[in-house]
Amino acid sequence: MSKDFEMNALKRDDNEATSTELNAEQLSDEASAGRKKSLIERDNRTLTRLGKVPVLKRKFALMSMLGFSCTVMNTWEGELVLFLQAFENGGSAGSIYGFIIVWIGTLCIFTTMGELASMAPTSGGHYHWVYMLGPPKWRKFLSYLIGWLTVIGWQAAVAGLGYLAAALIQGVAVMGNPSYEPMAWQKTLLLWACIGFAVFFNTVISNALPKVEGLVLILHVLGFFAILVPLVYLSPHGSAKDVFTVFLNEGGWQTQGLSFMLGMTAAVFNFLGADGAVHMSEEIQNAAIIVPRAMIFPVLLNGALGFGILIAVLFCIGDIDSALASPTGFPIMAIFEQGVGSEQGAQTMASILVILNLCATVSIVASASRMTWSFARDRGLPGWYYISKVDSRTSIPVIAIALTTTISCLLALINIGSSVAFNDIVSLSINGLYGAYLIGNSLLLWRRVTGQIRPYNRENTELVNVSHENLAWGPFKVPEPFGTIVNAFGCAYLLVMWFFSFWPTAINPTAESMNMSSLMVGATIIWSIIYYAVWARKVYSGPVIEINN
């Protein structure tokens, strides 16, 4: 009888404990939901103080945005695919020291940009910041010009990354079947397939995109080790003296210093894209804090991974002449095969690059479409009324995504006729985006040193950071004097690298090796000026104030 009583008492205790645990979990879930709701409400209030109506769902948090930014940058993957340009103009030593300079310069750029994003966390980003910081006489036109450069830069980046993924797929196919001859039209079809893959994630399963980006962050790090470990363990190693002291000038330039500067532009391309988080600002919880972190942390992480993979490749490079003659079109694939001594192993390593580039395409389509949607919302693009529409069911800019897809698919057709012409167009990604970075960061430096920006005030309810009359720092700000030093160094670095981004990689270039990006940037500026003079000046007046109070 006493045993039955004890058993019943134990059951009651277990039930009460289980009930208590369930109640605690329920309270915890409710508290978490309450915090999330509070953050979103605060974000929406911040957006309304910038004059904008919140229309997009805030689905992204810190981890998903870290994955998003890391995959858009694609730094260590890009070092593997594009290391040849830095190697030819700089050698192994130039590649290493150039990478470090670019890493530091990029960190300064995006730290300053983090301050701007904290002041005005909108999807427009650069053109909004230029308008709010620029001199009254020129801010409208400068904002419009930067909007066009940024839109074109991101659209070119989508096509360029899709092209790279398609070329990698063909390269892996050649590794498995040496008799296969890649055709330009096949590459175009593969590019379309890669863009279609990205569109599927951005539309059909858009609600799952934050979870996908968190998973991609894991793949991004694991993929690094999956390539690094077998490459370093199985490959014969060169000498440290050769790796850290040998410079090359295969471009035939008059001085080694000039060759070194041109080689650095390859690393610049591999650090592009951290500002993709800016264009997702209106879909991020606690955006004024998370967006700066989602730019700075990925630069630190990707820089470390990129530096590690660069050192590994330079030590394991093997027969460089044989690698350069690889029928895959990518010397790194030959280096993989030489190093691990297995065709299947090298294919597996190259396939990791394909998968991660496809994941990057998903993120870059999202950023490019949001930038396009935001500029259309402010009436900067032809057909802005339709492009700025948001789907009421999914709260995503479907028409802007469709436009981004269409532009990339049309650009891919150029590749069938001439890959040179296609590469000239996609080269706009560096020149256009770096031009936008330079003007925005320089204007912040001017306002900063003249003391025209008020301290952050969380309780402020008036319109703020929509023009120069009412500027205020956001919650993220680098303490002085370090903020000014970082800002100034970043601007100096931007100016130098933007200048060299227009140069060809070798002296006396042919039509195929000539850098036509100056022509493309000039054509973009001329077109935007003509459209502005004829029509846009009548409808574009800077970021539209949708909320007056």
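pLDDT is the predictor's confidence in each residue, from 0 to 100, and contact means heavy atoms within 4.5 Å. This is a predicted model, in which local features need pLDDT of at least 70 and side-chain atom pairs count only at pLDDT 80 or more, while totals for chains, interfaces and linings use all residues. Residues are numbered from 1 along each chain as its sequence is written, and side-chain values use heavy atoms, with hydrogens and water left out.

**Confidence**

- The protein chain has a mean pLDDT of 88, and 93% of its residues reach 70 or more.
- Where pLDDT is low, the predicted coordinates should not be read in detail.

**Helices**

- Helices (DSSP runs of H or I, at least four residues) and strands (runs of E, at least two) are numbered from the N terminus, and the expected span of a helix is 1.5 Å times one less than its number of residues.
- Helix H19 (residues 482-500) has 19 residues, which at 1.5 Å a residue should span 27 Å, and this agrees with the 27 Å between its end C-alpha atoms.
- Residues count as buried under 20% relative accessible area, exposed over 50% and partly exposed in between, with a 1.4 Å probe and protein chains only; the buried residues of H19 include Asn-487, Cys-491, Tyr-493 and Phe-500.
- Those buried residues of H19 pack against helix H4 (91-119), helix H10 (256-270) and helix H18 (428-449).
- Gly-147 is found in helix H6 (residues 139-176) and counts as buried because its relative accessibility is 0%.
- Leaving aside residues up to four places away in sequence, Gly-147 touches Tyr-127, Met-371 and Phe-375.

**Second largest pocket**

- On a 1 Å grid over the protein atoms alone, a cavity is a set of points where a 1.4 Å probe fits but cannot get out, whereas a pocket is an open set with protein on both sides within 12 Å along at least five of seven lines, and lining residues have an atom within 4 Å of a point.
- The second largest pocket has a volume of about 470 Å³, a volume being the space filled by probe spheres set on the grid points, which are joined across faces, edges and corners.
- Of its 27 lining residues, Arg-42, Thr-46, Arg-49, Tyr-456 and Arg-458 are the closest to the centre of this pocket.
- Helix H1 (2-49) gives the most to the lining of the second largest pocket, with six residues.

**Cavities**

- The structure holds two cavities of 30 Å³ or more.
- The largest cavity has a volume of about 240 Å³, and of the 19 residues that line it, Val-72, Met-73, Leu-161, Phe-269 and Leu-272 are the closest to its centre.
- The second largest cavity, of about 90 Å³, is lined by 16 residues, of which Ala-86, Ser-95, Gly-263, Ala-266 and Ala-267 lie nearest its centre.
- H10 gives the most to the lining of the second largest cavity, with six residues.
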